[in-house]
Amino acid sequence: MDRPIALRDTLTGERVPLDPPAAAGTVRLYYCGPTVYGDLHIGNFRTLATFDVLRRALARFGYRVQAAMNITDIDDKMIRRAAEEGVATSEVARRYEARFLEDQAAMGIAPPDRMPRATEYIEAMVEDIAHLVERGAAYAAPDGSVYFRARAYPGYGALSGQNLDAIRVGARVEPEAGKEDDLDFALWKAHRPGEPAWPSPWGPGRPGWHIECTTMAARVLGRPLDIHGGGSDLVFPHHENERAQAEALDPDPFARRWVHAGLLLMDGVKASKSLGNVGPLRELRRRYDPMAVRLFFLTAHYAHPLSWSEEAMDAARAALVRVREVATRARAHLRAIAGRAGSEAVDLALDAQVRRAVQAFDDALRDDLNAPAANAVLFDLGRTINQAVGEPELGSEALARALGTYVDLWGVLGVDVGGETAVDEDRVRRVEALVSARQAARMRRDWAEADRLRAELEAMGVVIEDTREGARWRWQTERV
Ligand SMILES: [Zn+2]
């Protein structure tokens, strides 16, 4: 068992084995978490599910892991949202953090060991920024903002594989007047009226997003990180900037490897809240069992892009039914043959097949977390178990071993095989048919029919809101 897992490092492009478990000590895993100004979408959860599978795989291979993920609870969009609602920024942050935690639990994603909030580490960030200023890696602008001198860090651009001129062309030229260079980025943002602010040697203000992770990762886990992760849309500028700041503070490597989860694509374009092409996971959860969503994620290697479509989700939904049927059938059979001693040859043959499946499964995960390959092994194992159930001379213990392995290995991929389906899909389909019939009635201005359909939906416990993007619906009992 004491063989290492290899992961592809974004910085070198190479597969780097972790030390074997016995030599690795505690693996420090940090990945970038949500900015809690609204509900997260399915693309965000693809990243989180990736690191969930990684943690489970590491634990399976005997590694001790300390995982930390930040909660960004101060940010421009949050401040805007709070102003629109006339509430404190912290109220918006706590509300969406709570909703995020619910979504995370529903998706079967184990909470990381530590979830530091940015606002709880501001003093530490100020300390780090002050060190960077002392070292000449950063400077204060006349308005009290502090910027990082990107060019002063020799490795700048290496993580995203860009040279500085390419970055300069691609860089969003931010309006800050006090910057020495377009490439420089804010460590500290001087206070603007109406915004929350904290004290600092440069006057009141708030930290920039990048310094948050550099500071908290080091304080919460310690350096070097064994694995720094996040979505691949964070490689530039966020991780490039995190790395530059961290290594300007301490020249030793900030992270021993960088691991990035691929994008989720909607119609070939990145799923993004700001592009408005993806709804919150909360809406999807109403239509699809979260475990079907997890199975869908497993259809692509974590580092590759994955295209969302109704067809792909329908296939995942059908696959989940098959996966669970194997377990249900085997359990029922196990009850029926309880205590039965089987033929030794039959039992040994099943044991051997299970052992080969375990080997293939572990090899797949050790090879840069190849979940689609591991997934395929488990579908095969499901077929093996189905066949075994039909074998009259099978003993109950051999079947119990095979079933236990099947359930455990699906668990490593984050799929709970034991559960009942969490969504009444027939009911959801009926609701969606009525919602679109009502939409069609409204389009042809048949108000009587539209009202009749609304009443029918309400009788089913559905609340409808008509928005510019069309009708949205939710269950009456659902929190919004
Ligand atoms: Zn980060």
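Reader: Hi! How many bridges join strand 11 to strand 13, and do they run parallel or antiparallel?
Author: Hello! Keep in mind that this is a predicted model. Three bridges join strand 11, residues 264-266, to strand 13, and the two run parallel.

Reader: Which residue stands opposite Leu-264 there?
Author: That is Leu-306, in strand 13.

Reader: What's the strand order in that sheet?
Author: The order is 12-11-13, in an open sheet of three strands with mixed pairing. Strand 12 (269-270) and strand 13 (306-308) stand at the edges; each has a single partner strand, so one side of each has no neighbour in the sheet.

Reader: Thanks! What holds strands of a sheet together in general?
Author: Strands pair through backbone hydrogen bonds, either parallel or antiparallel.

Reader: Now strand 9. Is it mostly enclosed or open, and why?
Author: Strand 9 (residues 227-231) is largely enclosed by the rest of the structure, because five of its five residues are buried.

Reader: Which strands are joined to strand 9?
Author: Strand 3 (residues 26-31) is joined to strand 9 by three bridges, running parallel, and Tyr-30 stands opposite His-228. Strand 10 (residues 258-261) is also parallel to strand 9, with four bridges between them. There, Gly-230 has His-260 as its bridge partner.

Reader: What unit do strand 9, helix 8 and strand 10 make?
Author: Together they make a right-handed β-α-β unit, with helix 8 covering residues 235-249.

Reader: New topic: which peptide bonds are cis?
Author: Two to look at are Arg-223 to Pro-224, with omega near -5°, and Phe-236 to Pro-237, with omega near 0°. Pro-224 sits in the loop between helix 7 (209-220) and strand 9, while Pro-237 is in helix 8. For context, most peptide bonds are trans.

Reader: And which residues have a positive phi without being glycine?
Author: Leu-369 is one of them, at about 55°, and Arg-445 is another, near 60°.

Reader: Are Leu-369 and Arg-445 buried or exposed?
Author: Leu-369 is buried, because 23 other C-beta atoms lie within 10 Å. Arg-445 has 8 other C-beta atoms within 10 Å, so it counts as exposed. Leu-369 belongs to the loop between helix 12 (344-366) and helix 13, and Arg-445 to the loop between helix 15 (425-443) and helix 16 (447-459).

Reader: Let's zoom out. What domains does the chain have?
Author: The domain assignment gives domain 1 (6-277), domain 2 (288-412) and domain 3 (425-475). The centres of domain 1 and domain 3 are 41 Å apart, taken over C-alpha atoms.

Reader: How many residues are in the largest nonpolar core?
Author: It has 122 residues, and those with the most contacts inside it include Ile-42, Phe-148 and Tyr-406. Helix 2 (residues 42-60) gives the most to this core, with nine residues. Domain 1 and domain 2 each supply at least three residues to the core.

Reader: What does Ile-42 touch?
Author: Leaving aside neighbours within four places in sequence, its contacts include Leu-264, Val-293 and Trp-308.

Reader: One last thing: how many residues does helix 11 have, and what do its buried residues pack against?
Author: Helix 11 (residues 310-336) has 27 residues, and its first and last C-alpha are 39 Å apart, close to the 39 Å expected. Its buried residues, among them Arg-317 and Leu-320, pack against helix 10 (290-297), helix 13 (371-389) and helix 14 (396-412).

How values were computed. Residues numbered from 1 in each chain as written. Predicted model: local features only at pLDDT ≥ 70, side-chain atom pairs only at ≥ 80, totals over all residues. Domains from an automatic or database assignment. Pairing = 2+ DSSP bridges. Core = buried A, V, L, I, M, F, W, Y, C linked by C-beta atoms within 7 Å. Buried ≥ 20, exposed ≤ 12 C-beta atoms within 10 Å, placed from the backbone. Contact = placed C-beta atoms within 7 Å. Expected span 1.5 Å × (residues − 1). Right-handed = clockwise from strand over helix to strand, strands pointing away.
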